[in-house]
Amino acid sequence: MKIIENNLLFIFISALPLTIIVGPSVSLITILLTGIIFISIILTLDISKIYNNKVCILLFILYLYLIFNTLISVDPFSGIYRNLGFLRFLLLFLAINYFFYVNSKGHNIFIFWSIIFSIFVIDVFIERYSGTNILGFGADSVHEESFTRVVSFFKDEAIAGAFLNGFIFIVVGYFFSVSKQKNYPMLISVLFFILSLVAVVITGERSNTIKAFFGFVIFIFFLDFIKLKIKISLLIFLSGLLVIIILSFDYLKLRYKGQFYDFIYSKEIRDRTFENNIYIKLYKSGFNVFKNKPFFGVGNKNYRTETCKEIYKKPEYICSTHPHHVYIELLAEHGALGSILILYIIFFIIFRILKQIIMSKNYIQIGSFIYLLINFIPLLPSGSFFSDFNLTLFMINFSIMYAVNDKTNIFYSKN
C-alpha cells in the first residue's frame with residue numbers, strides 16, 4: 001500500500017507547477033490530496049520527529065496565530081478560509097520532506113518541473129514576439145492595466161514573471177547539480193539560466209525582473225566552480241544583454257528605461273510620482289490602516305474590507321485588495337505584534353540552516369533559499385503574501401529548501 005501512496009505523492013508533487021498554471025482550484029485540490037496521502041502514511045509511522053522538530057513547532061505556532069488572527073479580525077469571515085487553509089501548506093511541507101526522505105530517486109521530480117518550466121519559458125518568448133502564446137492568449141485577453149505584458153498560459157492575469165521566479169532558481173539549481181555530478185558542460189546550465197532570466201524581463205513585470213536579477217547575482221556568487229573574475233564578467237555581460245533587450249522593444253523601453261530614467265533624472269517627475277503613483281498611495285493607505293490598528297491589524301485578507309468600507313469616512317484610505325507591499329500588508333493586516341511574530345518565524349526557519357546550505361553546496365537548496373530571500377526585498381511592490389498563488393510558490397520553495405538535503409530534511413534532522 002505504501003508503494004501506491006508514494007507513487008501518488010510523486011505524481012502530485014511533480015504536477016505542482018502544472019496545477020498552478022491550470023488554475024487555483026486545481027492547485028488547491030492537488031495540495032489537499034498531497035496532504036491527505038501524507039496523513040494516511042504518517043499514521044503508521046513514529047511521528048516524534050515531527051512534533052519534536054523546531055521548524056514544525058514554529059510552523060504550528062504560526063498556524064495557531066493565524067487562527068487567533070481570524071478571531072480578532074474586522075470581518076472574521078473574510079480571512080477564515082485563508083487562515084484555516086494554511087494547514088494544507090504545513091502538510092505539503094511535511095509531505096515533500098517525507099518524499100525525499102524515503103525516495104532515493106526523489107530528484108526525478110525536478111525532471112518534470114524542468115520540462116514544464118522550459119515549455120513556459122519558450123511560450124513567453126513566443127508571446128513576446130508574436131503577440132499571443134501557443135494557445136492564443138495575449139494582449140487582447142488582458143485588462144488595460146496589463147496591456148502588452150506577457151501572460152502566457154495564465155490567459156487574463158499578468159503573473160507570468162512571478163511564476164517564472166517561483167521555479168527558476170530550483171530548476172536552474174537542478175541543472176547545475178546534474179552538470180556537476182555527471183560532468184556535463186556547465187555552459188549549458190549558464191545559458192539556460194540567462195535565457196530564463198531574459199524570459200522574466202520580457203514579461204514586462206518590473207518588480208519580478210528586479211527580484212530575478214538580484215537572485216541571479218546571489219546565485220552566481222554561490223557557484224563554487226566559477227572564478228570571481230568570470231563571475232564579474234558574466235554579470236557585466238548579462239547587464240549589457242538585458243539593456244539591449246529592453247531597448248529592442250518599445251513597451252519594455254517604456255516600462256524599464258523610460259519610467260526609471262525619468263524618475264531618477266527629473267525632479268518634476270519624481271514629485272509627480274510621489275503624489276500620484278498608485279503604489280505609493282496604496283503604501284500610505286496601508287500604513288494608515290496600521291496606525292488605526294497598531295497591535296494586531298485588521299486581520300488577514302481584511303485590508304479590502306477595512307478600506308472599501310471606510311473609504312468615505314477616511315479619505316486617506318485607498319480601496320484595494322491589498323497594499324501591494326509585503327511589509328505594509330503585514331503591518332496593516334497583522335499589526336506590529338503579529339508582523340514581528342510572522343517575520344521572526346519565517347526568517348528564523350530560513351536562516352537557521354544557512355550554514356548547512358553554504359557547506360553542502362546543494363544548488364537546488366541554494367536556489368530555493370534565494371527565492372525565499374528575494375520575496376522580502378524592501379520597497380518593491382508585491383502580491384499579497386498569503387494569497388493562494390504567492391503562498392503556494394513560497395511554500396514549495398521552502399519545502400524543497402529543507403527536503404533536498406539530508407542534514408536539513410526534518411525526517412533526518414534531529415532538531
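Me: How many disulfides does this predicted model have?
Reply: The count comes to one disulfide.

Me: What makes Cys308 and Cys319 a disulfide?
Reply: Their sulfur atoms are 1.9 Å apart. A disulfide needs the two sulfur atoms within 2.5 Å, so Cys308 and Cys319 form one.

Me: Why is this disulfide called right-handed?
Reply: Look at the torsion about the S-S bond of Cys308 and Cys319: it is about 85°, so the disulfide is right-handed.

Me: Which parts does the pair tie together?
Reply: Cys308 sits in helix H16 (residues 303-310), and Cys319 in the loop between H16 and helix H17 (326-351), so the tied parts are eleven residues apart in sequence.

Me: Why is Cys56 called buried?
Reply: Its relative accessibility is 11%. Buried means under 20%, so Cys56 counts as buried.

Me: What makes Ile115 partly exposed?
Reply: Ile115, in helix H8 (residues 109-130), has a relative accessible area of 48%. Together with Ile111, Phe112 and Ile119, Ile115 forms a nonpolar surface patch with about 350 Å² of accessible area.

Me: What is the mean pLDDT of the protein chain?
Reply: The mean is 87, and 90% of the residues reach 70 or more. Over residues 140-147, though, the pLDDT is below 50. Where pLDDT is low, predicted coordinates should not be read in detail.

Key. Residues numbered from 1 in each chain as written. Predicted model: local features only at pLDDT ≥ 70, side-chain atom pairs only at ≥ 80, totals over all residues. Heavy atoms only, no water. Patch = residues over 30% accessible without salt bridge, like charges linked within 9 Å, V, L, I, M, F, W, Y side chains within 5 Å. Areas by Shrake-Rupley, 256 points an atom, 1.4 Å probe, with all protein chains shown as cover. Salt bridge = Lys/Arg side-chain N within 4 Å of Asp/Glu carboxyl O. Helix = DSSP H or I, 4+ residues; strand = E, 2+ residues; numbered from the N terminus. Buried < 20%, exposed > 50% of the residue type's maximum accessible area, 1.4 Å probe, protein only. pLDDT = per-residue confidence, 0-100. Contact = heavy atoms within 4.5 Å.
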